[in-house]
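Work through the following exercises with the sequence and the model side by side, and try each task before reading its solution.

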Amino acid sequence: MQAINLGYNPRVLLNVLNEEGIISRSHGIPYSILQEQANVAGLHLHCISSSWEDYEMHFTNALQELKDGFKITHAVFGDIDLQAHRDWEEKVCANAGVTAVLPLWKQDRKSLVMQMLEAGLEPMIVSCNETMGERFIGQLITPALVDELEAMGIDACGENGEYHTLVLDCPLFSSAISATVTEKLKHEDYWFAKLL
């Protein structure tokens, strides 16, 4: 949304799935839900499968493919202030011949969450660390939940990897999508929602 406000026109969503091509790499979201999001956003979804070891190579190749196929010149990322993430994004984009755009860069984290909620976004927690624990899986982000997380020492945006979300509705969607948590699974030090 902020990229659009800056004058960019989204053309395609890029998502990296696990090696089996079943769920998104970091969030554990099934392909079918990612496709539903793309449909209600009116955008093409381009998914690739990758291990963590080959992630950079596959990501760079995908950007090059999208540059040719969709005539993209820029790639938008949602990082706020983690310099190592920005450095990586700028590197892979430069290698693919596109420009990285980070519209949220250096904005206040809590202010961003509140702006997001005020704009009508409906994000649901789909993965989180052990500090938060499984009870947060499936909860919607609300101002009260943000206060609770901050009282626990959790970043309001989860910018340090404390949690990840799935957006169920936002002003860019033609309608809300549905996702049901059918199970809560622990993988290493992280909890994930099994979604339907």
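**Exercise 1: a serine in a loop**

Ser51 is located in the loop that joins strand E2 (44-49) to helix H3 (55-70), where helices (H or I, at least four residues) and strands (E, at least two) are DSSP runs numbered from the N terminus. The model is a predicted one, in which local features need pLDDT of at least 70 and side-chain atom pairs count only at pLDDT 80 or more, while totals for chains, interfaces and linings use all residues. Residues are numbered from 1 along each chain as its sequence is written, and side-chain values use heavy atoms, with hydrogens and water left out.

Task: decide whether Ser51 is buried or exposed, and find the residues with which Ser51 is in contact.

Solution. Begin with the accessibility: Ser51 has a relative accessible area of 11% and is therefore buried, the class for values under 20%, whereas exposed means over 50% and partly exposed lies in between (1.4 Å probe, protein chains only). Next take the side chain, which makes a polar contact with the side chain of Glu53 at 3.3 Å; such a contact is a pair of N or O atoms within 3.5 Å, and within protein one must be able to donate a hydrogen and the other to accept it, residues adjacent in sequence counting only if both atoms are side-chain atoms. Finally, leaving aside neighbours within four places in sequence, Ser51 is in contact (heavy atoms within 4.5 Å) with Glu19 and Arg25.

**Exercise 2: the antiparallel sheet**

Task: give the strand order of the open sheet of 4 strands, and then examine the loop between E7 and E8.

Solution. The order is E6-E5-E8-E7, with antiparallel pairing. Strand E7 (181-187) and E6 are the edge strands, since each pairs on one side only. E7 and E8 pair in the antiparallel sense over 6 bridges, and His187 stands opposite Tyr190 in E8. In the loop between E7 and E8 lies Glu188, which has a positive phi of about 55° although it is not a glycine; with a relative accessible area of 65%, Glu188 is exposed.

**Exercise 3: the nonpolar cores**

Task: identify the residues with the most contacts inside the largest nonpolar core.

Solution. A nonpolar core is a set of buried Ala, Val, Leu, Ile, Met, Phe, Trp, Tyr and Cys residues joined through side-chain atoms within 4.5 Å. The largest has 35 residues, and those with the most contacts inside it are Ile125, Cys128, Met132, Ile141, Tyr163, Leu166 and Leu195. Among the elements that each supply at least two residues of this core are H2, helix H5 (109-118) and strand E5 (122-129). A second, separate core of 18 residues includes Tyr55, Leu66, Ile72 and Ala100.

Notes
Two strands pair if DSSP finds at least two bridges between them.
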